[in-house]
Amino acid sequence: MYDGLNATVKDRVCWITLDRPDKLNAVTPDMLHALHRVFTEIDGDPDVCVAVLRGAGDRAFCAGMDLQWAGSLTNADRVEQGRLGSRTFAMMERLSIPVFAAVHGYVLGGGLELALAADFIVAHEDAKLGLVEITLSARPPFRPKMTEDGDPDQPEAGGNAPGWGGVKRLPARIGRARAKQMLFTGIRLDARRAFEWGLVNELFPAADFDSEVAALAERIAAMNRYNLRLVKELVTGGYDWIEPHPV
């Protein structure tokens, strides 16, 4: 158990839960540091074959970066928070074992960037997914109420965009044109549209969400760990079986 994060291992599955439901599981520095520690612990653990990332509570997987944290940033802090998030998400992306995100409710901003760093995403039928950063300083009526008094993450000079890898990973997942549409408008895709666009692999109804996620994790965990690692390495690196590949 970490501050804002809960990680448990059972039957070769590591369940990683963002655990700030009263704050829509918004990401804090402590949570990023905790994720880094968890990833370090499970990557070499022979008893873990797959990791599942999820959010506590009924309302959100993750609503993005904590606004109180964003509002406290100096210019120097802004650089460092970008590096911290980027390094942490890249570390998850490079894990030797499979990782998938099981998302529900709000999956916004840094929350979607986190999910995109997983190998794939599965979604509850109520999920709403978007990289909404551009709307925080938009003109009405597109600016959300939470930033009516000003966008805490908008610098006085220069621009602001998703900074934890979303602008790279989203086009790779759904194509450049659709990614640009999402990024330029800050739209939130409902779960059905996200599935149709290829942003999520599976769409599960509310009544079956937990059981379907558990069944998927159980199936992956039943595979040989070395083979899981090898296949992920080959696919991620673009190698073929007959070519040399890293050990």
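1. Asparagine 25 sits in the loop that joins strand S2 (13-18) to helix H1 (29-43). The model is a predicted one, and in it asparagine 25 has a relative accessible area of 0%. Buried means under 20% relative accessible area, so asparagine 25 counts as buried.

2. What is asparagine 25 in contact with, leaving aside its neighbours within four places in sequence? The partners are Leu18, Asp19, Arg20, Met31, Gly55, Ala56, Ala60, Phe61 and Cys62.

3. For the protein as a whole, there are nine helices and ten strands. The protein has 247 residues, of which 49% count as buried. Among contacts with a separation of 6 or more, 68% are between residues 24 or more positions apart.

4. The next points concern a pair of helices. Two packed helices are described by the angle between their axes and the distance between the axes. For helix H5 (residues 166-174) and helix H6 (residues 176-185), the angle is about 130 degrees and the axes are 7 Å apart. Angles over 145 degrees count as roughly antiparallel and 65 to 115 as roughly perpendicular, with oblique for the rest; H5 and H6 are therefore oblique to each other. Their crossing is right-handed.

5. Which residues make this contact? H5 contributes Val167, Leu170, Pro171 and Ile174, while H6 contributes Arg176, Arg178, Ala179, Met182 and Leu183. Sorted by class, the contact of H5 with H6 has seven nonpolar residues, two charged residues and no polar ones.

6. Within H6, the buried residues are Ala179, Met182 and Leu183. Viewed down the axis of H6, they fall within an arc of 95 degrees, so they line one face of the helix.

7. What do the buried residues of H6 pack against? Their partners are H5, helix H4 (110-116), strand S8 (128-130) and strand S9 (189-190).

Definitions and conventions:
Residues are numbered from 1 along each chain as its sequence is written. This is a predicted model: local features need pLDDT of at least 70, side-chain atom pairs count only at pLDDT 80 or more; totals for chains, interfaces and linings use all residues. Side-chain values use heavy atoms; hydrogens and water are left out. Axes are lines fitted to C-alpha atoms, for helices over the stretch in contact, and angles run from 0 to 180 degrees between N-to-C directions. Helices (H or I, at least four residues) and strands (E, at least two) are DSSP runs, numbered from the N terminus. Angles under 35 degrees count as roughly parallel, over 145 as roughly antiparallel, 65 to 115 as roughly perpendicular and the rest as oblique. A crossing is left-handed if the near helix is turned anticlockwise from the far one by less than a right angle, and right-handed if clockwise. Contact means heavy atoms within 4.5 Å. Ala, Val, Leu, Ile, Met, Phe, Trp, Tyr, Cys and Pro count as nonpolar, Asp, Glu, Lys and Arg as charged, and the others, Gly among them, as polar. Buried means under 20% relative accessible area, exposed over 50%, partly exposed in between (1.4 Å probe, protein chains only). The arc is that of the directions from the helix axis to the C-beta atoms.
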